[in-house]
Amino acid sequence: MLISPPRCERSGLHLCLPGRLQPGLDRHAAHYVELLPNEPNPQDSYAEILRMAGRYDDALEHYRLALHIDPNFHSSKIGIADTYTLMGQQKRACKEYFSARVLATDKVTELQDSAQSAFTYVRDRDFLGADQAFEGVAQQARRATLSIIEAESWRMRARLQFITTSADLVEIGISHTGKHFPFIYKKRIQRPEVEYLARADQALKDAKAISESDRQDEHALLVRERAEAAGRRGFFAEADEAVAELETMASDSPSSAIQHAFNGAMRFLCTKGNTIRQSLFSNEMTTMPSHFSD
């Protein structure tokens, strides 16, 4: 029985779910390509399946075949960049993301492509390059009045102040492993993340084209970021205040994003925060004048 293109595509993706990769993958995907040989989407879908299966070189081949059919097929251009990222070739991925934005059909997609390009600097441990790239996205988003993207970009700049591995930027729900900063007098601590989070918050306040629920969800992410940043610096009263704000928001809203932000901040302060508190106490004891330590 012939499989219609949409069903064929779904079937092939089904075979590629984690733990369910089956020998029929190639047959289903190839059949979809045969059904629509002059359309880029079947090649793109086949490439997606191959990439999910870890067959990166084969995936690149089919993404390029899709672009040969339609040079403006944005999805395949992004697919090539995503594949290079998984292959660890971040500089090539960066170039592909940057060039993909030219094919974007709207400003939101264009800026999302630029943000993806910025993440490649993080994975390549070029944190200065990442910082500059996210600033560029934030500035472009502000000019385009795309407040959520602007806020997200400032938030990423804030988090970059504590990055040690690319995993630190992966997912907001994971408690991130950050740098252990030396505990020096607080008046000497530079806190650029405070400015970046303030700019993100201002972008949300200025926004006129987003719903109140979206505004609150993004604000919750900023408050969580503020809690973690303060905790990493040793400003625990400030961190507790941010968590209290999140607790109030969580009690007033069923939003999963807000609940997630609150639980994540609590988890951070109960685990990583305790480690930092102990380090701070230890450092204070070792630097205390002898007549106080007796």
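A crossing of two helices is left-handed if the near helix is turned anticlockwise from the far one by less than a right angle, and right-handed if clockwise. That term returns below.

This is a predicted model, in which local features need pLDDT of at least 70, side-chain atom pairs count only at pLDDT 80 or more, and totals for chains, interfaces and linings use all residues. Residues are numbered from 1 along each chain as its sequence is written, and side-chain values use heavy atoms, with hydrogens and water left out.

Start with the overall build. The protein has 14 helices and 0 strands. Helices (H or I, at least four residues) and strands (E, at least two) are DSSP runs, numbered from the N terminus. Of the 294 residues, 46% are buried. Buried means under 20% relative accessible area, exposed means over 50%, and partly exposed lies in between (1.4 Å probe, protein chains only). Contact means heavy atoms within 4.5 Å. Among contacts between residues at least 6 apart in sequence, 58% join residues at least 24 apart.

Now the helix pairs. Two packed helices are described by the angle between their axes and the distance between the axes. Axes are lines fitted to C-alpha atoms, for helices over the stretch in contact, and angles run from 0 to 180 degrees between N-to-C directions. Angles under 35 degrees count as roughly parallel, over 145 as roughly antiparallel, 65 to 115 as roughly perpendicular and the rest as oblique.

Take α4 (residues 56-69) and α5 (residues 74-86). Their axes come within 9 Å and cross at roughly 165 degrees. The two helices are therefore roughly antiparallel. Their crossing is left-handed. On the α4 side, Tyr56, Leu60, Tyr63, Arg64, Ala66 and Leu67 make the contact; α5 brings Ser76, Lys77, Gly79, Ile80, Thr83, Tyr84 and Leu86. These residues divide into 8 nonpolar, 3 polar and 2 charged. Here Ala, Val, Leu, Ile, Met, Phe, Trp, Tyr, Cys and Pro count as nonpolar, Asp, Glu, Lys and Arg as charged, and the others, Gly among them, as polar.

Glu48 sits in α3 (residues 40-52). Glu48 is partly exposed, at 28% relative accessible area.

His74 is buried, at 18% relative accessible area. Its side chain makes a polar contact with that of Asp113 (2.6 Å). Leaving out residues up to four places away in sequence, His74 touches Ala100, Leu103, Ala104, Thr109 and Asp113.

The second pair is α9 (residues 147-160) and α11 (residues 212-233). Their axes come within 10 Å and cross at roughly 10 degrees. That makes α9 roughly parallel to α11. Ile148, Ala151, Glu152, Arg155 and Arg159 of α9 meet Asp214, Glu218, Leu221, Leu222 and Glu225 of α11. This contact holds 4 nonpolar, no polar and 6 charged residues.

Last, the loops. Most residues other than glycine have a negative phi. Arg125 has a positive phi, near 60 degrees, in the loop between α7 (107-123) and α8 (127-143). Thr145 has a positive phi too, near 55 degrees. Thr145 lies in the loop between α8 and α9 and is exposed, at 61% relative accessible area.

Methods:
A polar contact is a pair of N or O atoms within 3.5 Å; within protein, one must be able to donate a hydrogen and the other to accept it, and residues adjacent in sequence count only if both atoms are side-chain atoms.
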